Amino acid sequence: SHHRGSASPRLRSCPIVGTALEQDRGGAMASAGSDGFRMGTIKLQQPLGIGTLQWGTTWVDEKMVKGGRIHEATVDAIVAQCVAAGVTFFDSAEGYGGGTSEARLGRAVATLGGQAVRALAGGSTDSRGEALLRAAGDGPAQAGDAAAIATKFLPTFWRCTRSALVSAARRSREVLQVPRIPMYFIHTPVHWLPVEFWIEAACDAKDAGIIENIGVSNFDADQIRRANTVAHRRGHSIAANQVMFGLLNYQNECLADTVRVCKDLGIAVVAFSPIGQGLLTDKYTPESLQTNRVAKMTKVNPTGLERLRAEMKLVAQEADKSMAQVALNWVICHDCIPLIGCRTTRQAADTLGCLGWRLTDEQVRRLDDVALGHSTLTGKRFKRVFFANLFGIVMIVCRFLSWIYGTHWSPEGQ
């Protein structure tokens, strides 16, 4: 989508993400004070995350991801571009390309980490290195600590021990090239073992010094309460819940309850799919949406979607922003942290344009009124079980391919 707005080095006017009071080092969430935003012990200069689902390098990624694999240099450029704008939150998963996405992210951040160390020593004034230093706070932190790297554990049906999570965390830590994983999510609550079991396992990993913050993903209100109770019993806390949250989902009652509970407990809400897999961007017309595969798969009401997009276009024109920037800024105005994938530097530029400004309260209300109620939290359980375990099988296949061919990939002749 067309890039109109530009990112500011620091968000000037944005609501607090999470609770109003800064927690101590073991707390789940802190305020957006003079030194930025916090997600657990992680300090964010900007309330925005970059997803790496499409950064895998295997043959499976080539076939399953629209547009195929992306060049290594493109990944490095996206990471550098985002960090230079103060965006240091990058989200991956062991299942993304069987770990090849994690490996790429680790390499890109390690490169910027070298620039940060040089900047600290006075040998460089590179803005990307300085951005990592600002993210690190006091002292020459490791690159992985400065960048808010997050990854996820996938509890497939054949994993049934707490040591399975701990071992997976150790593997991800090695692949990401960090001394400790800043944020470690449990990818789904869908498993034949209860959520309490996996939270205990995550606490084991935190006690072992493998991870810094415990996060969950796709947990509803009840599951969040249960997870938080177990974490507190172990002396820890849940730092974030990653859920599908955006204008396609806002009116869903289960989602609203989940977000409310997270905020009551001081748990950051990370919003994935904030632009509805492209449905809320400028690239579609009412005609093209009628045959759009994503629109059909999500079973979004066509009339409601058309009304929502029309209002978004009006707001985008008023703000002189793209539709994607409006969708992302709307999420921020609801005290959540949007998480969006980027495949090109152009997409990254458009994404960064959601920062440094704010929708008016009136514009937010208008968008709230036409938002839809689709949510994965209320999907049929058998479908969630099927896709979770299908994803696990794909992860194993990708991991096997990466073991044979490695985690690097470049187009022929480059």
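Is Gly215 buried or exposed? Gly215 counts as buried because its relative accessibility is 0%, where buried means under 20% relative accessible area, exposed over 50%, and partly exposed in between (1.4 Å probe, protein chains only). The model is predicted, so local features need pLDDT of at least 70 and side-chain atom pairs count only at pLDDT 80 or more, while totals for chains, interfaces and linings use all residues. Residues are numbered from 1 along each chain as its sequence is written, and side-chain values use heavy atoms, with hydrogens and water left out.

**Surroundings of Gly215**

- Gly215 belongs to strand β8 (residues 211–217); helices (H or I, at least four residues) and strands (E, at least two) are DSSP runs, numbered from the N terminus.
- Setting aside residues up to four places away in sequence, Gly215 touches Met183, Tyr184, Phe185, Ile186 and Ala240, contact meaning heavy atoms within 4.5 Å.
- Ile186 is 29 residues from Gly215 along the chain, and 6.4 Å separates their C-alpha atoms.

**Nonpolar cores**

- In the largest nonpolar core, which has 93 residues, Val79, Leu165, Ile199, Phe245 and Leu359 touch the most other members. Helix α13 (residues 323–333) supplies the largest share of this core, nine residues.
- Another core, of 15 residues, lies apart from it and includes Leu44, Ala148, Phe185 and Ala268.
- A nonpolar core is a set of buried Ala, Val, Leu, Ile, Met, Phe, Trp, Tyr and Cys residues joined through side-chain atoms within 4.5 Å.

**Salt bridges**

- The whole structure holds 17 salt bridges, each a side-chain nitrogen of Lys or Arg within 4 Å of a carboxyl oxygen of Asp or Glu.
- One of them joins the side chains of Glu200 and Arg233 (3.3 Å, N to O). This pair links distant parts of the chain, with Glu200 in helix α7 (residues 195–207) and Arg233 in helix α8 (residues 221–233), 33 residues apart.
- Glu200 counts as buried because its relative accessibility is 16%, whereas Arg233, at 58%, counts as exposed.
- Glu200 and Arg233 also belong to a network of salt bridges with Arg162, Asp204, Asp207 and Arg234.
- Glu311 and Arg366 form a further salt bridge (2.7 Å, N to O), connecting helix α12 (residues 302–319) with helix α15 (residues 361–370) across 55 residues. Both Glu311 and Arg366 are buried.
- Asp257 and Arg260 are also joined by a salt bridge (3.3 Å, N to O); both lie in helix α9 (residues 253–264), three residues apart, about one turn of the helix.
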